[in-house]
Amino acid sequence: MLSVQKDIPVIAAYDVVVCGGGPGGMMAAVAAARGGAKVALIERYGFLGGMATAGFVSPLSVFRYNDQLVVGGIPWEFVCRMEKNGGAQVEYPLGNISYRTESFKLEAQRMLLEAGVEIYFHAWLSGCKQDADGRLTHVIMESKSGTQAIAGKCFVDGTGDGDLCHMAGMPMQHFDASLQPASMCFLLGGVETEKIEKIHHSQQGVNYHNEPMQKRLREIAEEENVPNFGGPWFCWVLENNMLMVNATRIQANMIDEREQTRAECSLREDVHTLVDILRRHFEPFKNAFLIATAPQAGVRETRHILGAHVLTGQEYASSFEFEDAIGRGAHPIDIHDAVSTNQRCQFLKEAAYIPYRSLYHKDFPNLLVASRCLSADREASASARVMASVMGIGQAAGLAAAMAAAKNCSVKDVDIQALREKLRQWGTQI
């Protein structure tokens, strides 16, 4: 064990500090700023969007259900801004969003900067400091500028993996079953897209995996090496002859650095193998070429906090209306098998509700989550983890953080009715 001591400069102080600029974190930052707070956002990449941009995960799902908008407010405003500028297409009636990755990055940074959020790009969260009552006082980050600290009144974990919560010592849930697999999405050019089914993910109650191709890939696997795959899912990116492909999968704990490295090396090999198979066996892909693999593998599941309330699959599937509901989820309960091509896909009758109590732990008075690490069991989180739902969670977490900072109170003591009323004014369907 190596012990190192060093002085760390505190470079700034804010009302709300958001760690992670993925779909939830970026919405939290905008919401907190619009709620009157002085806000900082720390992001390890040089752009925002998380899985939407660094992971190439598309489409953004699901904003509409049963012909009604269910994820509104700032997240829907963001979608409309991308659409207005030609960077997105709403797939009606379901409300999945096809988009250009670069448009997402640009509109995201514009929204944050317009709201007055101070962004720290290329900064990696490495630790935190707490007082005797468990209240966070600082987060520590690493960058080209060295090790630095930022002070805050309230903090939001938008890392996806619950990194800040873990560093602070927040209890986590433990699951006996293996984690859902990681996948490396990739962008293809030269595809005869007009011949490919289900690239517009628009209809409710439909799993948009390409069933004929899945069957054929399983047949090919009996004759030659086919990497473990899911789907495949082909996603429209607003360009003719181009598709985003979600097909690879691997069993790995993506919060273990060595496992993550092994997984991404293996997945990158699998991408090239799958592209070759697609070109040789499927006519629409005969001239296909690989444009890019995602900067990082897509992660479906890692940590889940053990919060004030654990949202259950039964509550979620029955659309139980919590008194402290702050968001909705409408994606199927979607559980992928890590070691086979199998998938459990359970569609909802009505959009589910997500309670505020699933965003915090009672013993951590100034820390909220704004990502898929919310306090939910495997079934509920298998739906709530997707990007539209997480954007709604982030919006609520950011606003609640601003309210807690303004009142100098614990996040559990935020006026829930005032929070819900403000979210409704913004357009949230709760």
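Which backbone oxygen lies 2.7 Å from a polar atom of the side chain of R420? The tour opens at that residue.

This is a predicted model, in which local features need pLDDT of at least 70 and side-chain atom pairs count only at pLDDT 80 or more, while totals for chains, interfaces and linings use all residues. Residues are numbered from 1 along each chain as its sequence is written, and side-chain values use heavy atoms, with hydrogens and water left out.

**Stop 1: R420**

Select R420, which lies in helix α10 (residues 416-426). Helices (H or I, at least four residues) and strands (E, at least two) are DSSP runs, numbered from the N terminus. The oxygen in question belongs to the backbone of A325. Such a polar contact is a pair of N or O atoms within 3.5 Å; within protein, one must be able to donate a hydrogen and the other to accept it, and residues adjacent in sequence count only if both atoms are side-chain atoms.

R420 counts as buried, at 9% relative accessibility. Buried means under 20% relative accessible area, exposed over 50%, and partly exposed in between (1.4 Å probe, protein chains only). Next, display the residues that R420 touches, not counting those up to four places away in sequence: F322, E323, D324, A325, I326 and I430. Contact here means heavy atoms within 4.5 Å. From C-alpha to C-alpha, R420 and I430 are 7.6 Å apart in space and 10 residues apart in sequence.

**Stop 2: Y356 and the nonpolar cores**

Now select Y356. Beyond its neighbours within four places in sequence, Y356 is in contact with D324, I326, L368, A400, V411, V414, I416 and L419. Y356 is also one of three residues, with L60 and F104, that touch the most other members of the largest nonpolar core, a set of 106 residues. A nonpolar core is a set of buried Ala, Val, Leu, Ile, Met, Phe, Trp, Tyr and Cys residues joined through side-chain atoms within 4.5 Å. The element giving the most to this core is α9, with 13 residues. Another core, of 33 residues, lies apart from it and includes A182, M213, L217 and M254.

**Stop 3: S319**

Select S319, in the loop between α7 (313-317) and β15 (325-329). S319 is buried, with a relative accessible area of 14%. Its side chain reaches the backbone oxygen of A351 at 2.7 Å. With neighbours within four places in sequence left aside, the contacts of S319 are E350, A351, A352 and Y353.

**Stop 4: two helix pairs**

Two packed helices are described by the angle between their axes and the distance between the axes. Axes are lines fitted to C-alpha atoms, for helices over the stretch in contact, and angles run from 0 to 180 degrees between N-to-C directions.

Colour helix α2 (residues 74-84) and helix α9 (residues 387-407), whose axes come within 8 Å and cross at roughly 125 degrees. That makes α2 oblique to α9. Angles under 35 degrees count as roughly parallel, over 145 as roughly antiparallel, 65 to 115 as roughly perpendicular and the rest as oblique. At the contact, I74, P75 and F78 in α2 meet M391, G392 and Q395 in α9.

Then move to α5 and helix α6 (residues 257-281), which pack at an angle of about 105 degrees with their axes 12 Å apart. α5 is thus roughly perpendicular to α6. Here M213, R216, L217 and I220 in α5 meet I277, L278 and H281 in α6.

**Stop 5: Y208**

W233 is 25 residues from Y208 in sequence and 6.4 Å from it in space, C-alpha to C-alpha.

**Stop 6: backbone features**

The peptide bond from G231 to P232 is cis, with omega near 5 degrees; P232 is found in strand β12 (residues 229-236). A cis bond also runs from Y92 to P93, again with omega near 5 degrees, and P93 lies in the loop between β5 (88-91) and β6 (96-99).

D67 is exposed, with a relative accessible area of 58%, and lies in the loop between β3 (64-65) and β4 (68-69).
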